[in-house]
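Morning, everyone. I have one structure to go through today, and I will keep to what can be read from the coordinates. Please have the model open while I talk.

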Amino acid sequence: MIALVKQSATDEQLAQFIAWIEDRGFKTHVSKGDHDTVVGIIGDTTQIDPFLLESMSIIERVQRVSEPFKKANRKFHPQDTVIDCGYGVRVGGGHFVVMAGPCAVEGTNLFEIAKMAKRAGATMLRGGAYKPRTSPYSFQGMGAVGLDLLLEASCQLEMPVVSEIMDPRDVQLFCDKGVHVMQIGARNAQNFTLLKEVGKTSTPVLLKRGMSQTLDELLMAAEYVMSEGNPNVMLCERGVRTFETRTRNTFDVNAIPVLKHLSHLPVIADPSHATGYTRYVRPAAYAATAAGADGLEIEVHDCPSKSYSDAAQALTGEQFADAMTRIRLIRRAVTATLEEE
Ligand code: PEP
Ligand code: MN
């Protein structure tokens with residue numbers, strides 16, 4: 001349930017109203033916009049009589065929120081969430097990010113890749129140190145040493161890093177090392193223990209959509225993180241598994257406007273895993289940008305054929321630079337204001 005508070009309400013009246021709600025065992029989520037203040041009421045709100053709330057002098061209107069996701073819901077927080085990822089990089093509310101780098105951190109070639117990515121305009125460095133591989137015999141990632149390399153590159157180039165976390169026991173390590181954004185991969189999209197654990201931190205989380213996860217389920221996964229106290233969640237569309245075999249996954253471009261309609265959280269698209277082939281990554285990146293994504297995550301490698309993982313979908317530095325030029329143009333077109341004749 002949400003209560004829209006009148007503009008004339010004082011801070012003291014608002015505080016009294018919140019105390020009144022919380023005294024009755026409910027949690028509240030207050031969102032103060034430029035014009036409106038929305039108080040989200042979380043709990044079994046069937047116990048609350050909306051007419052009673054509407055009779056209070058500071059309440060403009062009361063509305064039931066039928067969706068089970070509350071903190072992630074745009075009704076609770078009408079304005080876009082803007083997340084600070086470090087080094088002045090912000091995402092959401094008109095701030096666009098491009099996360100680029102190798103699938104996995106493989107060694108010191110990371111520095112070359114990071115420079116290449118930054119030169120072309122990437123604002124964040126990606127790289128997996130812990131890799132969720134289908135086969136236990138495949139390269140599993142460099143682990144903590146990989147995180148150290150990422151953070152060294154981050155420091156040299158003054159750009160934040162995003163890296164996948166697979167195990168709740170590693171949350172402290174990621175926090176101690178100062179990883180700027182923790183990625184929850186598609187395979188862990190409903191690992192509720194992991195979601196709750198990253199929710200206890202304030203580190204931004206890039207939450208990927210599971211292979212066959214509905215958008216409502218993705219939003220409920222975000223709710224797990226947010227309900228523990230971490231509001232800094234980005235949602236990521238990375239393709240879903242369908243009957244199609246010509247691409248690694250099927251990129252659900254619809255997910256971008258749908259998620260932005262339902263939620264205030266930034267929406268990132270990953271055209272690399274969504275398509276699985278280098279030749280399709282750029283067109284999917286352009287589609288995502290045009291559809292209003294708040295950012296992209298793209299795999300880039302100094303020598304794609306030598307990638308330890310996901311070689312078939314990596315872009316070269318040159319391909320990535322070309323993509324960035326066009327992405328900038330598309331962003332300009334999408335955000336331009338059209339003058340009506
Ligand atoms: C990745 O980003 O390298 C990755 C494994 O992604 P996903 O979880 O989307 O498959
Ligand atoms: Mn990958």
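I start at the ligand, with Arg 238: one of its polar side-chain atoms is 2.7 Å from an oxygen atom of ligand 1. Bear in mind throughout that this is a predicted model. Lys 131 also points a polar side-chain atom at an oxygen of ligand 1, at 2.9 Å. For Arg 187, the distance from a polar side-chain atom to a ligand 1 oxygen is 2.9 Å.

Which residues surround ligand 1? Besides Lys 131, Arg 187 and Arg 238, the list has Cys 103, Arg 126, Glu 164, Gln 183, Gly 185, Ala 186, Lys 208, His 273 and Glu 299.

Keep His 273 and Glu 299 in view, please. Both are touched by Gln 313, and both are among the residues around ligand 1. Gln 313 sits in the loop that runs between strand 14 and helix 11. Is Gln 313 buried or exposed? It is buried, at a relative accessible area of 1%. Leaving aside residues up to four places away in sequence, Gln 313 also touches Arg 248, Ser 272, Gly 276, Tyr 277, Thr 278 and Val 281. Its side chain makes a polar contact of 3.2 Å with the side chain of Asp 310.

Helix 11 covers residues 317–335, which is 19 residues. From first C-alpha to last it reaches 27 Å, close to the 27 Å expected at 1.5 Å a residue. Its buried residues are Gly 317, Phe 320, Ala 323, Met 324, Ile 327, Ile 330 and Arg 331. Why do these count as one side of helix 11? Because they cover an arc of only 135° around the axis. The face turned away from that buried side carries the exposed residues Glu 318, Arg 332 and Ala 333. As for what covers the buried residues, it includes strand 7 (97–101), helix 3 (109–120), helix 10 (278–290) and strand 14 (295–299).

Next, the cysteines. Cys 85 is buried, with 2% relative accessible area. Cys 236 is buried as well, at 0%.

Last, two backbone points. Most residues other than glycine have a negative phi. Tyr 87 has a positive phi of about 50°, and it is not a glycine. It lies in the loop between strand 5 (83–84) and strand 6 (90–91). Tyr 87 is partly exposed, with a relative accessible area of 39%. The second case is Glu 158, also not a glycine, where phi is positive at about 50°. Glu 158 is in the loop between helix 4 (144–157) and strand 9 (161–164). At 54% relative accessibility, Glu 158 counts as exposed.

To recap the ligand, the polar side-chain atoms I quoted belong to Lys 131, Arg 187 and Arg 238. That is the end of my part.

Methods. Residues numbered from 1 in each chain as written. Chains lettered and ligands numbered in written order. Predicted model: local features only at pLDDT ≥ 70, side-chain atom pairs only at ≥ 80, totals over all residues. Heavy atoms only, no water. Helix = DSSP H or I, 4+ residues; strand = E, 2+ residues; numbered from the N terminus. Expected span 1.5 Å × (residues − 1). Buried < 20%, exposed > 50% of the residue type's maximum accessible area, 1.4 Å probe, protein only. Arc of directions from axis to C-beta. Contact = heavy atoms within 4.5 Å. Polar contact = N/O pair within 3.5 Å; in protein donor to acceptor, adjacent residues only side chain to side chain. Near = heavy atom within 4 Å.
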